Amino acid sequence: MSWLAILVLILVVVMVAAAIFAITRKDLIIAVIGTSVISVVLSVLFYILQAPDVALTEAAIGVALSTIIFVIAIKKTDRYEE
Amino acid sequence: MRKAVSIILLAIVGYYMFSVFLSMPFGEKRDGVGKHYLENTLKETGAVNTVTAIVVSYRGFDTLGEVTVLFLAATGLGAILFDKRGKKRRHQYASLIVRVTSNILYPLIVLLGAYVFVHGHLTPGGGFQGGAIIATGVLLMFMSYRKFEANHKALSIVESLAGLTFVTVGLGGLIYGGSFLFNFLPLGTPGDLVSAGVIPIIYIAVGFKVGAELSGVLDTMLKTIR
C-alpha cells in the first residue's frame, strides 16, 4: 500500500465518521458543522484525485455557503431535534 | 410490513447501484472523446487548461444553461424572500478580533476570486469557482458587520451586464464563425494571460455574474433573520 492510498483511506474514514456524527446529533447546529467537516475532507480528496477545480468549488460552496444557508434555516426554525 | 417492503426495495436499488459502481473503471483509461480533447484542445482553442476549454468552448452552450439556472434560482429566492423594508438587523458587531481580521482578509479573498476567474484558461478554476470565492468574502463581511449591506441595484446591473456579455460574445461567434460561441478572436500564444480568444472574456463575465448572484442570495437570506 502506498502512502497516498493510506492517506485516502484515512480521509474516507474521517468523512464517514463525520457523517455518522452529523446524523446522530440532536443539536442541529452541531450536525451542520459535521456536514461542513465532510466538505473540507472531500475537497482535500478531490485535490488528491487531480481535480483541483472541483476542490476549489467544494471548499467555497460546501464549507462556506451551504453551511450558512443551513444555519439561517435552523435559526428560523427549531434548533433541537425532538 | 411497510418497513419490510421498503427495506427490500432499498436492497434492490442498492444492489444495482453497487454493481454499476463496480463495473465503472475509476480513473484508469483515457480514451474516446477524452483523448480527443487532451490531444487537440491546445491547437483548437489555445487554452492551456483543458477543463476550461471543455466548459467554455466545446460545451459552452451548457454553461449558458447553467448560468441561467443559477440566475433563475437567485431570482426565485429573491421573489419569495425579498422584503423591501427588510427586517432591521440588530446592530451588534462581532468582536474586535473578528472585525480586524475580516478587514484584512476581505480584500485578499476578493483578489483571490478575481485571480481564479481571470486565469481560468491557465490555472485550475474559473468563473464559478472565482464567483463562489468572492461570495464567501462578502459573507465574511456580512458576519462581522451587521450594517454591511449589498446594493441590490448595483448587483442586478452587474449581473445583467455579465449575462449580456456572455450572449453577445456567443452571437459574435455566430456572426463571424458560423456557430454559437465560436472562438472568433485570435488565439495568441498559449500560456499568455491574453490568449485563447473569447474564453477569458466569457469566464470573467461568468465570474462577475456568479459572484453578484450568490452575494445577492446571501443578503436576501440574511435579511430574513434579525
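A word on conventions: residues are numbered from 1 along each chain as its sequence is written, and chains are lettered from A, with ligands numbered from 1, in the order in which they are written. The model is a predicted one, where local features need pLDDT of at least 70, side-chain atom pairs count only at pLDDT 80 or more, and totals for chains, interfaces and linings use all residues.

Let us begin with the fold. Chain B holds eight helices and zero strands, in the order α-α-α-α-α-α-α-α along the sequence. Here helices (H or I, at least four residues) and strands (E, at least two) are DSSP runs, numbered from the N terminus.

Now for the overall dimensions. The C-alpha trace of chain B spans about 65 × 60 × 35 Å along its principal axes. Chain B has a radius of gyration of 22 Å, whereas a compact globule of 226 residues would have one near 17 Å; the radius is taken over C-alpha atoms, and the globule rule is 2.2 Å times the number of residues to the power 0.38.

Inside chain B, 32% of the 226 residues are buried, that is, 20 or more other C-beta atoms, placed from the backbone, lie within 10 Å of their own. Of the contacts in chain B between residues at least 6 apart in sequence, 73% join residues at least 24 apart; a contact means C-beta atoms, placed from the backbone, within 7 Å.

Finally, turn to the partner chain. Chain B brings 19 residues to the contact and chain A brings 14 residues. On the chain B side, helix H6 (127-144) and helix H8 (199-222) each supply at least two residues, and H6(B) gives the most, with seven residues.

Note on methods. A residue is buried if 20 or more other C-beta atoms lie within 10 Å of its own, exposed if 12 or fewer, and partly exposed in between; C-beta atoms are placed from the backbone. Two residues are in contact if their C-beta atoms, placed from the backbone, lie within 7 Å.
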